[in-house]
Each structure stands twice: as structure tokens, then as C-alpha cells.
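Student: I'd like a close look at the aromatic side chains in this one, and then at a few spots around them. Could you walk me through it?

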Amino acid sequence: MDREREPEAAVGVGAAPSAGTPGHVCQAKLRPGANPTRLVSRPHLVRRFDAAVQSPLALVVAPAGYGKTSLLRDWAGRTHLPHGWLSVDESDHDPVQLWWGVLAALEGIAPGCTEPAAGLMQRRTLLDAVSVLLDDLDARPYGPRVLLLDGLEVVDQQHLTASLTSFVEHLPAWLHLVIASRCTPPLPVDRLRARGLLGEAGQPELRFSDDEAVEMLSRLAPTMPALLLQETARHAAGWATGVQLAGLAARATDRSSLGTADPDVGARYLEDYVSREVLHGERADVVEALVSVAVVEHAGPGLARVLTGRDDAPDLLSVAEERGLFLTRAEPSGTYELHPAVRETLVALLRRRSPGRLRELHRTAARWFEGDGQPTVALDHLLRADDHRDALRLLAACAPQLFDSGHQATIRHMLAAMPQRVTTSDLAAAVDLAWCRLHVDPDLFVQTVDDLDRWTDVRSGLDPALRARLDMLRAVAAGLRGDWRDGARLARAALATIGDPWLLDPVVRYGWNLVAREIALAERWDDSSTEVRKVVFAINADPERRAALEGTRALGDALAGHPVDALRLVAGTRTASDASNLTVLRAELLTAEAVALREIGDTTVALPMLRRLAADDCAPVPHCRLLACLELASSSLGSGDLDAAGRAFGQAVRLTETACSGPAGRSWLARTGVLLALAGGHLDEARQWGLQVEDPFWAGVTTSWILLAEGDVRAVPDVLRDVEPRCTRHQVVRDLLLSRAGASPAAAQAHLLRAVDRASSHGLVQTVASEGPDVVESIERLSWHVPQTWLDRLRRIPAHGTTVSVTSAVERARALTERQIGILRMLPSRLTLREIADELYISVNTLKFHLKTIYRELDCGSRAEASAVARTLASLPRRGQPSSTRRR
């Protein structure tokens with residue numbers, strides 16, 4: 001656009017209508033005025049607007065207070081183009097009066113244009129007058145000039161449409177029209193936009209950036225601290241008036257010298273502005289709809305109808321958006337969103353004028369969000385409605401989902417907001433409170449359950465449903481303490497008490513999973529058994545609990561001696577686990593995978609998993625962490641590293657003292673304690689640990705281990721005669737022990753072959769290797785009866801031997817190359833030299849050359865002595881070792 005100057009045109013100043021015309025226009029409306037000095041300069045916005053003005057029509061549409069007038073004034077003060085200005089106000093509500101103002105503004109840039117149209121204006125034939133005006137303007141040979149109309153929203157849009165549309169569609173080439181309005185004027189905007197005849201600057205362009213808002217605030221309130229400046233700027237969300245009012249509030253208060261603003265003053269400023277400037281003169285039904293939806297951040301058509309109680313609520317909100325009432329619609333969802341500062345102001349007005357209605361709106365919103373599957377939002381509305389009891393009910397119902405999705409902070413926040421009076425006299429509320437605490441603080445949960453037991457006798461005078469819920473809380477607490485047997489008993493009692501409605505109660509529906517977990521941890525999981533089929537059938541009725549069952553099932557298979565089945569379950573469930581984000585499911589799947597991998601001999605992958613579990617809190621499934629610590633201790637025993645075994649066992653001891661102190665947890669600990677004491681040659685200590693094993697099967701097994709260590713072989717069969725195996729793994733362990741204590745070689749061989757047959761059929765390797773080198777030697781002698789693949793895996797598991805200190809082992813191995821370290825780590829296996837060479841893709845002669853160097857550097861005289869060093873190094877990280885993920 002050429003920025004030529006016309007000597008006959010006044011720049012920025014219009015003239016009044018000719019004498020004798022009835023349309024009087026105040027001269028102050030024909031000049032843009034000056035922006036305040038505190039206004040932040042926005043040259044980038046002016047440049048962008050300069051480009052928009054090159055179109056025949058430029059629209060500046062945004063809600064009140066977004067700086068539309070400031071932008072036009074800034075542009076008018078910078079441009080060299082001749083321009084006319086009209087500030088439209090309430091006096092221009094009538095379209096005829098508006099056109100008198102337009103003529104007056106045009107007179108400043110097109111002198112004499114008002115005379116041809118004035119007579120027609122007096123006869124109130126607007127279309128004819130506009131046509132004559134356009135003919136006159138079109139005949140003028142001017143360069144580019146601009147007419148700016150500010151505040152067009154106050155005009156009667158219905159009666160303005162025809163004349164304004166005619167004027168816009170037939171503008172002379174030299175005249176560019178700029179309209180600023182809170183709402184889109186009644187013009188064919190879509191057609192003009194499609195033809196490239198429309199320039200636009202809207203709310204997104206006018207929004208203040210955070211830096212601009214901070215700069216403006218610092219000018220208004222220079223003592224305001226930097227952090228408060230930034231917070232206030234963010235809260236204004238780009239709204240210029242919001243920024244200005246916050247700054248004025250800071251200056252107006254007595255505390256402004258401290259750099260803080262009285263929130264009451266700022267809120268009052270906003271309330272006055274919204275009430276008198278934004279909503280004044282708007283339709284009452286539209287305003288009521290805005291107030292009703294202000295209690296929510298986003299309101300779709302359905303929620304808007306519920307909150308307003310009107311079927312036409314979406315239409316009313318559409319009108320509010322068109323009127324520029326700070327409401328925007330997001331596509332394609334169709335949800336409406338109020339500017340946050342305006343929304344908070346409307347809520348504050350409602351709180352002061354009708355608190356009862358505000359609470360009811362929050363309750364209505366809570367019901368809608370709960371039904372829509374958004375419990376977190378529903379909880380927030382219930383708290384805002386002061387409906388704490390219903391909020392606690394909903395929190396108890398959705399606490400497992402919140403926990404599994406990583407929203408423990410939400411549960412803590414909601415619990416902190418609950419007044420103590422809600423639960424002090426209401427037992428049902430206290431049960432809900434305890435259930436919620438389980439998911440954020442298991443220790444506090446157990447304490448709360450103990451308090452409930454002291455508060456009331458759960459066996460007398462209680463509603464059956466409430467008694468069932470109390471029993472279920474006690475069942476969960478028992479499980480957390482490591483007493484899974486008692487937990488399952490209480491869970492069964494709760495399920496029997498409540499009967500068929502168990503599926504509807506968020507607390508009691510947890511019971512079948514507790515029963516399943518007890519079966520799994522008691523090492524009697526068998527998919528074909530009656531008790532397992534019954535549990536699975538019941539849980540399948542609840543899709544949410546069915547997903548969690550898969551982790552328990554995998555763990556049960558791993559512990560019962562079906563590692564391959566466990567790994568298959570883990571692989572099939574992992575995708576669903578990642579999608580559902582169930583914390584308990586993930587923990588049990590990881591535990592099952594680690595135990596199963598170690599069982600089949602894949603310790604390279606299993607040990608990092610076990611270390612991760614041992615380091616994790618694993619709440620509310622501490623049995624996973626305890627099991628990981630005990631597996632690590634057993635693994636270190638197998639590699640001959642008693643120091644590492646002691647450290648892992650010590651961690652397990654602390655867990656049983658704090659989390660899993662029940663008989664089942666102590667039995668797990670005592671079994672490993674027996675092995676650790678026997679490895680160190682402490683028979684008395686082993687006997688003490690053996691007395692603490694309450695599990696009937698493992699009590700007989702640990703007693704047999706001790707008898708074998710004492711040399712009392714003949715007593716072992718008598719001890720094992722009354723031991724009843726509960727799973728495949730038990731049967732293998734029992735037969736291996738009987739093979740070591742066989743009355744005759746034939747009997748020993750029969751037991752050993754039976755154990756090997758079961759072990760090889762189910763992939764049990766670690767269980768066999770853990771019985772010691774004598775058992776493995778015996779299996780080697782029967783190798784023609786053993787599947788070769790399984791035997792190869794067994795050979796790769798280190799046999800027990802003497803121990804070497806970690807420090808000494810590390811020092812000795814420093815001189816070895818990476819290749820020699822790799823060879824050293826394979827020496828404890830039962831692979832022959834030829835098999836080791838094949839594994840490493842080297843010749844036997846090359847292997848022997850490396851062995852000489854290894855023996856010399858380690859000061860060893862044999863493979864057995866070097867193997868002892870290798871077992872000590874087994875727990876140390878390998879240099880250059882690829883991650884477990886890559887290896888798998």
C-alpha cells in the first residue's frame with residue numbers, strides 16, 4: 001500500500017456534518033485519543049496489524065479489555081496514511097445516528113462526501129444514502145486511506161446489517177475499513193475471508209505474553225516482588241484489563257509498599273468491571289447461563305444443559321461467544337471455556353450473592369463428572385460444595401484407580417481436606433477413610449484398622465455390609481503384615497457375609513484377589529485345582545480385578561514350579577499391564593518374571609530385576625520386595641559370595657520387622673536363614689532359624705537340610721514321610737532330598753530320576769542346582785536319562801565352592817583382559833573345556849593359553865580355585881556388559 005500524503009486530507013481528524021443536518025456528532029469521537037504512558041509498547045503487533053489494514057476490510061474482534069482500542073490508537077499514531085476515526089458509543093445505538101458519525105469521520109479524509117448523502121439521511125433511507133455515498137467516494141482519485149470504527153458492538157446489529165454490508169462490499173479501491181468490536185459484526189465475513197479481502201487481528205494476537213504482562217505490572221506496581229509479578233501475569237492469561245486491574249489493586253492497598261496486593265481489592269475491581277462493563281446490557285438468560293457454567297473449567301453441551309437446567313443452554317452459550325463475553329468454543333469437541341479470571345469473578349459473585357446455589361451447582365457438576373468417568377474432577381466439586389461425606393465415599397470408590405494411575409498426590413490432597421468430624425462418629429466413613437489410606441500410607445492404614453478394632457466389636461450389632469467391609473480391611477492388613485493365610489480367611493468371611501452384592505462394593509470386591517494371592521504365595525497355585533477355578537471364576541465377573549489377577553497368577557506359577565508358564569503369562573499380560581497402568585499388577589509381573597528367569601538359569605537378566613524390586617517400596621505389595629531380597633540372598637549363596645548374601649538377607653530381616661512380620665513372611669525369611677547359616681557352617685544358628693519355619697512342607701525340608709549337614713542321613717526319610725508337597729517344585733525338592741538320603745543306591749537313583757523328570761518337564765533348573773554339587777554330580781552320571789537342553793542349562797549354573805573376599809577377587813582380576821574375564825566367569829559351570837571354547841568361538845588351544853594366564857594372575861593352581869574367585873566376581877557389574885534389555 002502506498003503511503004502517499006494528500007494535501008487536502010486531514011490526518012486523523014474528521015469534520016462535523018454540514019450545517020443543517022440533524023445528526024450531531026461530538027468532535028471527541030472523531031479522534032483516537034492518546035494511550036496511557038504506562039501502556040507497554042507492542043511494535044510487533046502494530047506491524048502485523050499494518051499488514052491486515054492492507055485488506056479492504058480489517059476486523060479486530062476480541063472481548064472487552066483485550067486492547068483493541070489501544071492497538072488502533074497505537075497504529076494511528078504511527079501510520080503515515082490519511083485516516084478517519086469514529087469512537088462508537090451508546091448514542092450510536094440507532095444505525096442512522098451511527099451513519100452520521102461515519103459521514104463525519106469520512107469528511108476528514110474525503111472532504112465534501114457528506115453533502116450528497118445528507119438529504120437522503122434526513123429522509124432515513126439508509127440504503128439509498130449509502131449508495132450515493134459510495135458513488136461519491138468511488139469517483140475520487142485518492143491514494144490509500146483508512147476509516148477506523150471502534151466499538152461497533154453497541155450498535156443495533158439487526159438494523160445495521162443491510163447498510164453496512166452494502167458499504168463493505170462496494171468500498172472504493174482507495175478506502176480501507178477497520179472495525180473493532182467485541183463480537184463479529186453482521187457482515188459476510190466467511191465470503192470475504194475466502195476471497196482474501198479480509199484482514200484479522202483477534203484474541204490470540206491481542207493476548208499479552210507473560211513478559212509483556214510482567215512489564216506492565218512492574219510499571220503499575222514497581223514494588224511487587226518478581227515471583228508475584230510472574231504469578232499475577234500468568235493468572236491474567238493475556239487479558240490486558242486483568243493485568244491492569246491487578247496492578248491498580250497493588251497500588252491501591254496499604255500494603256503496596258510491601259509489594260503485595262490485597263486480594264479483596266483486586267477481586268472487587270474485577271467484579272465491578274465484569275458486572276458493569278462486560279455483562280451490563282446483555283440478555284438475562286445468556287448471563288444466567290454464563291454464571292451457571294462458571295463453576296466448571298470446560299462445559300460441553302451436555303454438562304451445560306445439566307448445570308443450567310435448560311435444553312437451549314448450548315444456544316445461549318453460542319450467543320455469549322458471539323457477543324464476546326470471554327467464552328470460547330473448542331473444536332471439534334464443542335466444549336466452552338470461560339477466561340479463568342472472568343470465571344473466578346463470576347463464581348465469587350455467586351458465592352457472595354447466592355452461596356446455596358453455588359453449592360448446588362458444584363454438586364450437580366460432581367454428579368455429572370462422576371457419571372462421565374472423571375472422579376478426580378467430581379471430587380474437587382464435592383469438596384467445593386462442602387459435601388465431605390460424599391467426597392469420601394467417592395474417593396474410596398476410585399482410590400485403587402487413582403493409585404494405579406499414579407495419582408497418589410490426589411488421594412493425599414483429598415484426605416487432607418477432610419475434616420476430622422466426618423469420621424469421628426461415623427463408622428462407615430471411618431472404613432472409607434482407612435481404605436483410602438491404604439493406597440498412600442500402608443503403615444497408617446494398618447494403624448487405622450487396629451484403631452477400628454478397638455473402637456467397635458465387629459462381630460455384634462453391625463449391618464452385614466459394614467461388617468464385611470471391616471473384615472476386608474482386616475484381611476488386607478493381615479496380608480500387609482505377611483500373614484496371607486489369615487488375610488485369606490478374613491476375606492472369605494467378608495465375601496460370605498455380604499453375599500452376591502460383593503461386586504458393587506469397592507472394598508469387598510478386593511477380597512477374591514486376596515484369596516488368589518494367598519494361594520499363589522502359599523505355593524499351591526494349580527489352574528486345574530477346584531479352589532483356583534473357583535477364584536478365577538469369581539474374579540472374571542469384575543473386569544478391573546481380572547486384570548490384577550494375571551500378576552498373581554504369574555507369580556503363583558513361578559513359585560509353584562512352572563517358570564515357563566509364568567513367563568508366558570508375563571509376556572501375554574505386559575501390554576495390558578502397560579495400558580492399564582496397574583501398580584500392583586506391574587510389581588507382581590516383574591517379580592514373577594525375575595523368579596522364573598532365575599529358575600530357568602537366566603540370572604543375567606533376573607538379577608537386575610530383583611535388585612530393582614529390592615530397592616523399590618512395592619507398596620501395597622511388600623511381599624514382592626521381600627521375595628526379591630530373599631532371591632538375591634539365595635543367588636549370592638549359590639555364587640559363593642556370603643558377604644553379598646548377608647547384605648541381601650539383612651534387608652529381608654528389616655522388611656519382616658517393619659512390613660511382613662506375619663508367620664508367612666517369617667517362614668520365608670527363616671528358610672533362607674537356614675541356608676545362610678549352613679553355608680557359613682553355623683549349625684546351631686541354622687537350627688534356630690529352622691524352628692521359625694511354620695510352613696509344614698518347608699519345616700520338614702529345612703529340618704532335612706540340617707540333618708544332612710549334621711551327617712544324620714537316616715533320619716531324613718522319616719522327616720519327609722509326613723511332608724505333603726503342594727506343587728511341582730515341592731515334589732522335586734522332596735525327591736532330591738530323598739535321593740541324597742536313599743537307603744540304597746537303587747532307591748536314591750529312583751528318587752533322583754523322578755525329580756529330574758519333573759524338573760526337566762517344567763524347566764526347573766535353579767531348584768535342582770540349589771541342592772548342591774553332590775546332586776548335580778549324580779545327575780551328570782545319569783546324563784543319558786536327562787534331556788540334553790535341560791542338562792546344558794544346569795551345567796551353566798555355578799556350583800557351590802569356597803569363598804574369596806570381594807576385595808581380593810577384584811584386585812586379582814584387574815590384570816585380566818576382557819576375554820579372560822569372560823572365560824573366568826564360565827569356569828564355575830559344569831561345561832567342559834571344549835564346550836566353553838565352543839561358547840566363546842575360540843579353539844581349545846587358545847582357551848588353554850588363556851587359562852594359564854588366568855591361573856598365574858589369580859595365584860590359582862586349578863580350575864576349582866579359579867572358580868571360587870569367579871563366583872565372588874559374579875555379583876559385580878561386568879565391564880562393557882550390554883543392558884538386560886538388549887541381551888533379551
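Student: Which residues form one aromatic cluster?

Tutor: Happy to! One aromatic cluster is formed by Y66, W239, Y273 and F326. Before going on, please keep in mind that this is a predicted model, in which local features need pLDDT of at least 70 and side-chain atom pairs count only at pLDDT 80 or more, while totals for chains, interfaces and linings use all residues. Residues are numbered from 1 along each chain as its sequence is written, and side-chain values use heavy atoms, with hydrogens and water left out.

Now the rings in general. The structure holds 12 aromatic pairs, where rings of Phe, Tyr and Trp (its six-membered ring) pair if their centres lie within 6.5 Å. W698 and W705 have ring centres 6.3 Å apart and planes at 50°, so this pair is tilted (planes under 30 degrees apart count as stacked, over 60 as edge-to-face and the rest as tilted). W698 is buried, at a relative accessible area of 3%, and W705 is buried too, at 11%; buried means under 20% relative accessible area, exposed over 50% and partly exposed in between, with a 1.4 Å probe and protein chains only.

For that, NZ of Lys or CZ of Arg must be within 6 Å of the ring centre and within 35 degrees of the ring normal. R145 likewise lies over the face of Y142, at 3.8 Å from the ring centre.

Next, the backbone. Most residues other than glycine have a negative phi. A237 is not a glycine, yet has a positive phi of about 55°. This alanine sits in the loop between helix 10 (226–236) and helix 11 (240–252); helices are DSSP runs of H or I with at least four residues, numbered from the N terminus. At 15% relative accessibility, A237 counts as buried. D386, also not a glycine, has a positive phi of about 60°, and its place is the loop between helix 18 (375–384) and helix 19 (388–404).

Key:
Helices (H or I, at least four residues) and strands (E, at least two) are DSSP runs, numbered from the N terminus.
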